[in-house]
Amino acid sequence: SSSAASDVYKRQVRAIAPNLPIVAEGIPDWHPGFFLAPGKSLNRINVIYALHYYAWCRDPSISDGRTETLIARAYAQKRYADGKKLMVQYFYQVGFFKLQDKGYPILFTEIGTDPYLQEGYWSRWMLDLYDIAKERNIGYLQHDFSHTLCPIPDPNQAGRFIFGMLNKDLVSLSDVGRLWHDSLRSMRKA
């Protein structure tokens, strides 16, 4: 039960580090709306509610009508304003923005993209995601430095792995890393 989990949390975690912020991710699928369900406990003291979000999560050719698919389709068709609006709608659907609107702190704990699979529009999708985070004052962490646990080689460039912010040399920024870096620099100037 949620009260039993809350008791474990209070006794074990807070006994060791009473003021340390804890990042909580919803179950299933890392959706924070889990915490808004009846009987689930929300805590305002040093808890940050998190969401994973990736710009490659759906194939735009699928006809399932899910918001994630509609987002991918909008970006693939260069309907960027529609895509950004649908992204905001999705963040409400999964409870992320609902938590923020209720005053709970939120954080994108993983965001990322796949420039090979979303070749024509990944950068615009990510820039719009960065804009949404900036507009709503939400922090974000990029997915990975070099590659995923099961890296997928980019067939267009030998020796390069997709997803990560660094090239295979683990020093130079990939296209994803440059976009992330430039976005952070523009945030500092604002």
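Reply: Happy to! This is a predicted model, where local features need pLDDT of at least 70, side-chain atom pairs count only at pLDDT 80 or more, and totals for chains, interfaces and linings use all residues. Residues are numbered from 1 along each chain as its sequence is written, and side-chain values use heavy atoms, with hydrogens and water left out.

Me: What makes up the protein, in helices and strands?

Reply: The protein has six helices and four strands. These are DSSP runs numbered from the N terminus: helices are H or I with at least four residues, strands are E with at least two. Along the sequence, the pattern reads α-β-β-α-α-α-β-α-β-α.

Me: Why is H2 called oblique to H5?

Reply: Helix H2 (residues 67-76) and helix H5 (residues 122-135) pack at an angle of about 120 degrees, and their axes are 9 Å apart. Angles under 35 degrees count as roughly parallel, over 145 as roughly antiparallel, 65 to 115 as roughly perpendicular and the rest as oblique. The angle of about 120 degrees therefore makes H2 oblique to H5.

Me: Which residues meet where H2 and H5 pack?

Reply: Ile71, Ala72 and Tyr75 in H2 meet Arg124, Trp125 and Asp128 in H5. By class, this contact of H2 with H5 has four nonpolar, no polar and two charged residues. Here Ala, Val, Leu, Ile, Met, Phe, Trp, Tyr, Cys and Pro count as nonpolar, Asp, Glu, Lys and Arg as charged, and the others, Gly among them, as polar.

Me: Why is Thr109 called buried?

Reply: Thr109, which lies in strand E3 (residues 106-112), has a relative accessible area of 12%. Buried means under 20%, exposed over 50% and partly exposed in between (1.4 Å probe, protein chains only), so Thr109 counts as buried.

Me: What about Ser183, buried or exposed?

Reply: Ser183 sits in helix H6 (residues 175-189). With a relative accessible area of 7%, Ser183 is therefore buried too. Of the 190 residues of the protein, 38% count as buried.

Me: What kind of contact joins the side chains of Thr109 and His52?

Reply: Those side chains are joined by a polar contact of 3.4 Å. The term means a pair of N or O atoms within 3.5 Å; within protein, one must be able to donate a hydrogen and the other to accept it, and residues adjacent in sequence count only if both atoms are side-chain atoms. The side chain of Ser183 makes a polar contact with that of Tyr140 (3.5 Å).

Definitions and conventions
Axes are lines fitted to C-alpha atoms, for helices over the stretch in contact, and angles run from 0 to 180 degrees between N-to-C directions. Contact means heavy atoms within 4.5 Å.
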